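Here are a few notes to read alongside the model, in numbered points.

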Amino acid sequence: MSEQYLTIQQTGNYTNTIKKSRFITHKKSRFITHLARIKDEDDAKAVIAQVSKENTKATHNVFAYVLGDTNQIQRASDNGEPSGTAGAPTLEALLQHDLRDVVAVTTRYFGGIKLGAGGLIRAYAGNANTAIETIGIVARIKQKAVTFTIPYADFDPIQHFLTTNHLSIANTDYGTAVTITLYLDDEHLQATLAALNDFLNGQFSPTIGASQYREVPLSTKPKL
């Protein structure tokens, strides 16, 4: 499996209403994009079925999803919209944001407005893109917990070192000495351990945990 990938922050919805004009308010199309994380195609199909069941009176329930380490599983459906105007733009929105293991279902309530092929493409793509941006994106990065103990005299210097290198302390225990826990990316692990060992003049005996995926803000990757 890959060391890191992007996905949505959480399951959520985004709704947009397109009116015929500001003077004719009774004619409007409503687009509701539902985004969810998925582990496999069964998950994707379950989400699609659930959203469709909750919106049985909708004109269309369009979907797209992406799965796999290399996005090798890609599916999309126009669900009755003109070919290429709904599912493909939704899938492209997922791919443009480099998302993985995500399903998008956009429900359309017609409301009497004919958008044409170009209008439909813009509407479905725009709704998916705005839904992604509104709900948010996170990086899931494979990391290990690293725990080590230092004298109190080294605590302020090590804090400054970690901050300078965009590393955050996950936990601090205060006893006769200070025990610090960090989560370090697998790909940066050895370089960071070496840098910490140099900084602490060889007085560094870390305990390293097993690899696990953790969600990390995109701007906090270490420089080491």
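1. Let's begin with charge pairs. This is a predicted model, and seven salt bridges are found in the structure. One of them joins R37 and E215, whose closest N and O atoms are 2.6 Å apart. R37 belongs to strand 3 and E215 to strand 10, so this pair ties together parts that lie 178 residues apart in sequence.

2. How exposed are the two partners? R37 is partly exposed, at 31% relative accessible area, and E215 is partly exposed as well, at 39%.

3. A second salt bridge brings together the side chains of R108 and E81, at 3.0 Å from N to O. Here, too, distant parts of the chain are linked: R108 sits in strand 6, E81 in the loop between strand 5 (73-77) and helix 2 (87-96), and 27 residues separate them. Buried means under 20% relative accessible area, so R108, at 5%, counts as buried. E81 is buried too, with a value of 8%.

4. R100 and D101 form another salt bridge, at 3.7 Å from N to O. Both of these residues are buried.

5. Strand 3 pairs with strand 6 (residues 102-109) in the antiparallel sense, over eight bridges. Within that pairing, A36 stands opposite V103 of strand 6.

6. Next, helix 4 (residues 155-164): which of its residues are buried? They are F155, I158, F161 and L162. Their arc around the axis is only 125°, which puts them on the same side of helix 4. The face turned away from that side carries exposed D156, H160 and T163. The cover over the buried residues includes strand 7 (137-150), strand 8 (169-174), strand 9 (178-185) and helix 5 (189-199). Just after helix 4, H166 has a positive phi of about 60°.

7. After helix 5 comes N201, with a positive phi near 55°.

Conventions: Residues numbered from 1 in each chain as written. Predicted model: local features only at pLDDT ≥ 70, side-chain atom pairs only at ≥ 80, totals over all residues. Heavy atoms only, no water. Pairing = 2+ DSSP bridges. Helix = DSSP H or I, 4+ residues; strand = E, 2+ residues; numbered from the N terminus. Buried < 20%, exposed > 50% of the residue type's maximum accessible area, 1.4 Å probe, protein only. Arc of directions from axis to C-beta. Contact = heavy atoms within 4.5 Å. Salt bridge = Lys/Arg side-chain N within 4 Å of Asp/Glu carboxyl O.
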